[in-house]
Each structure stands twice: as C-alpha cells, then as structure tokens.
Amino acid sequence: METSHRSLLAKLLALAVAMFLFAVFLLPPLYDLFCEITGIGGRTDGKYEAVVLTVDTSRQVEVQFVAANNAEMPWEFYPLEYRVMVHPGESRAVNFFARNTTSEDMIAQAIPNVLPNNAAAYFHKTACFCFANQPLGAGEQAELGLVFILDPDLPKSVNTVTLSYTLFDITDRSTVAVSQVQ
Amino acid sequence: MAHGPATLADGWVKYASRWLFTTNHKDIGTLYLWFSFAMFILGGSFAMIIRAELFQPGMQLIKPEFFNQMTTMHGLVMVFGAIMPAFVGLANWLIPMMIGAPDMALPRMNNLSFWILPFAFAILVATLFMEGGGPNFGWTFYAPLSTTYAPDTVNYFIFGVHIMGASSIMGSINIIATIMNMRAPGMTYMKMPMFVWTWLITAFLLVAVMPVLAGAVTMMLMDINFGTSFFDAAGGGDPVLFQHIFWFFGHPEVYIIILPAFGVVSQIIPTFSRKPLFGYSSMVYATASIAFMSFIVWAHHMFTVGMPIAGELYFMYATMLIAVPTGVKVFNWITTMYKGSLTFETPMLFSIAFVILFTFGGFTGLMLSIAAADIQYHDTYFVVAHFHYVMVAGAVFSGTAAVYYWLPKWCGKMYNETMGKVQFWIAFIGFNITFMPQHFLGLAGMPRRYADYGLQFADWNMVSSIGAFMYGAAQILFLFNVVRTITHGKPVDKPEVWEGAEGLEWTVPTPAPYHTFEKPPQVK
C-alpha cells in the first residue's frame, strides 16, 4: 500500500472513530448541558443549597402539581395539594402521596418536569423525594416530601408554574433489594 | 488469459472463488449492483404486502404486528440495502474509469466492505422468522419504541446496523482515497466528472455520520442490555435525545442517497442533449453547500417535540435555504437541455423524469419545512408521499437511468430500447398513481405506519395500491431487460456507446476490459 493511501486511510479512520466517540460520549452530556442552561425540556436542577433570598411579597405565583404514572406503573400517586400560591423567594413544603398497590416490593423513581420552559431554571428544590429512588414494600404507602423555592428572578411573564412528576418502575434495573434501600 | 477473470467454464469452484476473493473494482461493482437489486426486490415485496393490506380498509391479509414489521423492514432494506449499495456499486464501476485509475485505492478493503453486507442483511432479515418478529418500530427506530418496547430481536437489528455501517465507512474511505490519490495526470479536481465530485462529497458525509448512527444503536444496545439510561426517562435520560442523534445522522443520510443521484443525471443529461453540462463549477459548489447544510437542519424532522420558537424558526429558515443550491442544480440541468439536440433514449427519459419528480418532491419538502404547517403534516401520508418522490423518483429513477446508460459499456451489449421505454412509462405512470394520491391522503389527515384507516381514505388508498403493483411490475420488466441484454443483447463495439458521451470511461474499449488504465491516460 502506498504511503499516501496509508496516511489518508489513517486520517479517515480517525475521523470515523472521532465521530463515534462524539456521538456516544459528547452529544448526550452536551444535550443535557444545553437543556439545563436553556431550560428546554422543562428539566429542573438537582439539589439546591438554600441561600437567603429576599422574599418578593409584591408578587404571587401559582404553582400547580401534576403526578402521573408511566405505562405499567401500578402505584397510586398523587399530590396532597394540587395548587399553592407562593411569593418568589419563599420556601414552601408540599407532600405527595404514594401507595404500592401490588403484592411485590417495588422501587420507583419520579422524574420532574417544569412548564413553562423558561421557568425551569428558576424552580429550585431544596429537598425532594425525586433526588433518591422511592422503595415501597408490598401494600405500603408513604408521604413524599418536596421543599421548593421559586427564584425571585423568575421572569415577570410567568404567573403559573406547573411541576409534574412521572413515576417510573425501576425495580428491575435496581441491583439492591427493596428492604436494603429502606 | 493470464489475468482474465475465471468464468463458469473454469468450473464453479474457481468461478465462486473469483467473486468471493475478487479485488477488481468492476467485479465488486457488479456484486454491489446485483446485491442491491436483490434487496430492491425484497424491499419491494415488503412494499407490495403493505399496499395489498392497505388496498381496502379493515384487516384482510396480515396482522397489524406484522404490518409494523413490514413498514420497518421496507424502509431499512430500501435505504441501507438497495439504494446505498447501488450507488456504491456504481462508484466502484465508474470512478476508477472516470478518473483514469487502474482500480480502487484499497482493493482488499473493497472486497471486505462488500462481503460483510450480505451478512448484515441476513441477520436483519432473519429476525422476521424469529420469535417476537423483526423490528417493528419504524425505520427511524425511535426510543423507547426500539428500546423499552422492542422485541428481543432488536439486538440482531443493532448488530446488522453496525455491520452495514462498517461496510459503508470502509466503502467511503476507499472512494475518498481513490479520488484524492489516483487521478490520472492532468485530472484536476475541477476537471472531474460530476459523478465523481458528488461521490467525493457523499463519501465524506458517510465517514462523518455513519459513526453517529453506530453510536445511536450502541447507546440503544447499552440501554437495553446494560442498564444505562441514555434514552430512558426513568433513569434520567431523554427519548428526545435519541431523535436528535438519529436525525443528526438521518438528515445527511438523505443527501448521501440523493447526491450520487445528482451526479448520475449530471452525466446523462449532457450526453443526450449533446451539450456540455451547464454551470459545472456552480454544480460543484452547490453540491458542497448542500452537504454542509445537511448538518445544520436535522431538527426539522422533529418540529412536534416541543421546541422553543427560536429553534423552530432557525431550523425552518435553514431548511428553506437548502432550496437555493438545489434550485441551482435543477436550473443547470434544464439549461443544459435548453437548445440542445435532445434525444430520448431510456436513460434520458429516466433522467428527465428525475428532474421533474425530484423538483416536485423538493417543493413538498419546502411545504414540510414550514414549522407551523408541519405540525399538521407531521407523520401523515403527506410525508410518505414527499420522501418517496425524492427517494424513488430521485434515487431509484437515477439508479435505473445509470444502469441503462452504462450497461452497454459494462457488458458490451445494447439493451432493448423499446422494452426500456415501456418500462419507463409503466414506472413513471405507476409511480405517480402510487404516490400522488398519498399527498391527498396525508393532507386529509391519514397518519402513516398504521395497518388500517378510516373509511374516508378508502378510494385513494385503492388507487395508490393499484399504482404500486404497476410500479412493482415495471421492476420485473427491468430485471428481464437487463438479464436479456447480458445474454442476448446486440453487441456494441465502439468505445463511445452514445453519440454525445464525454469522459474517460468512454475511451476504453466496449465492453470495458477486466483491467483498464494500467497506464494512466494523459488528461488535457
């Protein structure tokens, strides 16, 4: 094989490998980062370290809660309060109710989503059951807590924020038994 | 013959070894072309099953689950098994002869890149006979349909895609190396025939995006078998990410399919117009800009995922911008024909039909690019009609034109012109009867990929099915004509088979000898 072929072959193979690595290792984190920065997709951030925020009492925002089950998830799952009025900067606690209606021990994972998209970055959760998974034994029930703060910088156009949780059954993918997690 | 190829007269072992171990670009081109034709017939028979089921409302012939497998396999087999290998076959046959090279740059890799393809498709098609059935999630295999809800055979599908991807990457590297390193003295880049140019650009697209497809299916494999959550919301992943990655591959992929087709008609139209191609350099730049833009418009396939308005506007305008270089090409072909002394042999008929029908498909593409309107058109038969106008009337028509145009050079015999023209008209009319009504169905709201439909869609579906059977019949005539040409065709002995044909491939004897340009020609 001529050397000119060989170096071209090496370059093109390197390009192909680079594109593969780009797709698998770079695109997903970039996508996550992009969604986090822009709030597209309603992603919320992880745990928020509370700082002292001035409460903006001049403004009230309605926060609505939606709970849904992913397909084949049999649990009962609903918010105990469907809507609350909060001032931006004020810390508020709400509870969700979950009951494992089956005769099996199960582990669930709740995935949050915020609408409108431009509010997602301003919805801070200081405590949330969604930060860990939620194991429940057969027939058990629990109240799941959430503490949140709306950032005072929340865009003025936003008067209603909807937080939805979708509950997924992750028993199969979990490597530990329910009793251990509990 | 010292270096001649083994024929059947040498015994079947030698004959089979010749094809198995061949490193000759013409042999490999032939293998690719026959393989792609076999896949075309297979994918076509899936289409016939689909159209037979949709002939009437209600379920008559097959179960809905099998219908889903048929739509998926039809798409996969046609895109990856028929169209892409057909153009790689043409590239193998023609590029060395067009640039005055004795063979491809990497002949042994060439052999490998062909011979892994039948295995890829054997694996893919075998899933149809396995428990759980073949892939049933559409050729775009969106997660979670292809992960959480997929049949177990999806792993075979993934390995099949990996193998065909490897084949495409090797084929493309070979084409790039051939074009960049093996041009005859004097054959500068801007003297290369358009077919060579379009393939050079296509090959770069392939090397860039086939690994992305491989990445997408690898992530699927991990999600399904190794507990990762790239596309699974339960584990913090996002199914929409799959769509972004898929279309980051998928949009360049549609140009990978169509650019060599542009190249083919850019060779044929000047020949039968007896004029050089109008605007050669603008053709080159238009091809390059289409290739570049293919990377920045992918999300126009996903207008309904809930994108912010800025994203919709960007992808809408960027998509519309592609109409500009494409328009340059269409006008160049028309201007090439303008005031030419036209004759209408079969390749020319297919090429003119290509220009007309591809333009039509381009216009429906412009309609689809309007984000606000796309929300209604999305996943309807309007989309099906649109991409069949560009894929079938685009890629398949130009592939057919290419076979008729170069067949006399390949085998030294002339095809039956009357039969070719009859085939053209059956194909042209059948194609339009099949897909024109699908625009109406889609605008009326018929969703794609369903085994059944509402009664209001019955009439046009019946018309569409009749057209599909017509179009299918034309392919049988095509196969017959090609086989008959090889066995009984009238011999051609002059090097330039066609009166107005230009290019190095027409300077070698007819039929093209097994080895050509062992001494490079001097290009003025």
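Trainee: How do α1 of chain A and α6 of chain B pack?
Mentor: In this predicted model, helix α1(A), residues 3–38, and helix α6(B), residues 154–181, pack at an angle of about 140°, with their axes 10 Å apart. That makes α1(A) oblique to α6(B). Axes are lines fitted to C-alpha atoms, for helices over the stretch in contact, and angles run from 0 to 180 degrees between N-to-C directions. Angles under 35 degrees count as roughly parallel, over 145 as roughly antiparallel, 65 to 115 as roughly perpendicular, and the rest as oblique.

Trainee: Which residues meet there?
Mentor: From α1(A), A:S4, A:H5, A:L8, A:L9, A:L12, A:L13 and A:A16 meet B:I169, B:I173, B:I176, B:A177, B:M180 and B:N181 in α6(B). Contact means C-beta atoms, placed from the backbone, within 7 Å.

Trainee: And how many residues of each chain are in contact overall?
Mentor: 28 residues of chain B are in contact with 25 of chain A. On chain B, the elements giving two or more residues to that side are α6, α7 (194–225) and α8 (239–273). α7(B) gives the most, with nine residues.

Trainee: How is the numbering done, and what gets counted?
Mentor: Residues are numbered from 1 along each chain as its sequence is written, and chains are lettered from A and ligands numbered from 1 in the order in which they are written. Local features need pLDDT of at least 70 and side-chain atom pairs count only at pLDDT 80 or more, while totals for chains, interfaces and linings use all residues.

Trainee: New topic: what is α3 of chain B like?
Mentor: Helices (H or I, at least four residues) and strands (E, at least two) are DSSP runs, numbered from the N terminus. α3(B), residues 64–99, has 36 residues and reaches 50 Å from its first C-alpha to its last, close to the 52 Å expected at 1.5 Å a residue, counting one less than its number of residues. A kink of about 35° in α3(B) is centred on B:M78.

Trainee: Why is α3(B) said to be largely enclosed?
Mentor: Because 33 of its 36 residues are buried. Buried means 20 or more other C-beta atoms, placed from the backbone, within 10 Å of the residue's own; exposed means 12 or fewer, and partly exposed is in between.

Methods
Bend = angle between axes of the 7 residues up to and from the residue. Contact = placed C-beta atoms within 7 Å.
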